[in-house]
Amino acid sequence: MTVYEQSDYIVSDGNRLHLNIWRHEDARSVLLFIPGTGAHAAYYSEFLERLAAQRFTVVGLDLRGHGKSDGIRGDFSFGELLDDVDSAVAYITEHFTRNIGVFGSSQGGLLTLYAAARNDVIRSVVCHNAAYLPRDAAECTRAPRLFSASMPLFVFLARILPSLRLPTTTYLD
C-alpha cells in the first residue's frame, strides 16, 4: 500500500482553489473533504492520510478565503462556496472517477448536504458536526444582544439589497 500526497489547484468563479490530494495506488473510490468555516484541509492531514490508507483517494478542498486558496478571509457566500464544491467534484470526475463520496465538517457538512442534493455524481455523504442553529441563532454570534436587536434590519436589508455582502468575520469569531 502506497499513499502519497500532492497539491493541485482548480478555478472557481475566477478564484484559484487549493487541493490537498492523498492518493492511494489501489483506491476503490475518491472522497472529497470539505472543512468548516476558517479551517483548511491540511489541518486534518493526519486523519485524511489515514483514511487514504484504507484504499481511498482523498481530496481536501480549501474553499475560497480559506487555507492556500484565493479570496478574502471571511468574505464569501454560501452559494459561492457551493460553487467551489461543484468545481472540486468536476475536477475529481475529470481526473479520477465518477464514484465520489463527499464528507464535510461543520459548515463543510452543510455544503456536503446541499452539493449532494444538486449533483447526481455524488454517491455518498457524511455531514459531520453540521451546524444546528438553535431557535435563537444569535447566541452563536460575537454580540448576541446586538445581533438579536438588529435582526429586523438584516431581514429588511436582505429584501431590498439581496447582493449586499456581510463578511462572516463581522459576526462570527
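**Entry 1. Salt bridges**

I began with R55 and D26, whose side chains meet in a salt bridge at 3.6 Å, N to O. I take a salt bridge as a side-chain nitrogen of Lys or Arg within 4 Å of a carboxyl oxygen of Asp or Glu. R55 lies in the loop between α1 (45-52) and β4 and D26 in the loop between β2 and β3, so the pair ties together parts that are 29 residues apart in sequence. I noted R55 as partly exposed at 36% relative accessibility, and D26 as partly exposed at 43%. For these classes, buried means under 20% relative accessible area, exposed over 50%, and partly exposed in between (1.4 Å probe, protein chains only).

The model is predicted: local features need pLDDT of at least 70, side-chain atom pairs count only at pLDDT 80 or more, and totals for chains, interfaces and linings use all residues. Residues are numbered from 1 along each chain as its sequence is written, and side-chain values use heavy atoms, with hydrogens and water left out.

I found that the structure holds six salt bridges. One of them joins D13 to R64, with the closest N and O atoms 3.0 Å apart. D13 sits in the loop between β1 (3-12) and β2, and R64 in the loop between β4 and α2, so this pair ties together parts 51 residues apart in sequence. D13 counts as exposed at 54% relative accessibility, whereas R64 counts as buried at 6%.

I then looked up D86 and R118, whose closest N and O atoms are 2.3 Å apart in a salt bridge. The pair links distant parts of the chain, D86 in helix α2 and R118 in helix α3, 32 residues apart. D86 is partly exposed at 22%; R118 is partly exposed at 46%.

**Entry 2. Chain layout**

I recorded four helices and six strands in the protein chain; helices (H or I, at least four residues) and strands (E, at least two) are DSSP runs, numbered from the N terminus. Along the sequence the pattern is β-β-β-α-β-α-β-α-β-α. Of the 173 residues, 39% are buried.

**Entry 3. Nonpolar cores**

I asked which residues touch the most other members of the largest nonpolar core. They are L32, L61 and V85, in a core of 24 residues. Such a core is a set of buried Ala, Val, Leu, Ile, Met, Phe, Trp, Tyr and Cys residues joined through side-chain atoms within 4.5 Å. The elements giving two or more residues to this core are β2 (15-24), β3 (29-34), β4 (56-61), α2 (78-95), β5 (100-105) and α3 (107-118). Helix α2 gives the most, with seven residues.

I listed the contacts of L32 (heavy atoms within 4.5 Å). Residues up to four places away in sequence aside, L32 touches V59, L61, V85, A88, V89, I92, G101, V102 and F103.

I located V125 in strand β6 (residues 122-128) and noted it as partly exposed at 37% relative accessibility. V125 touches V102, T112 and A116, not counting residues up to four places away in sequence. V125 and L31 are 94 residues apart in sequence and 9.2 Å apart in space, C-alpha to C-alpha.

I placed F156 in helix α4 (residues 144-160), where F156 is partly exposed with a relative accessible area of 47%.
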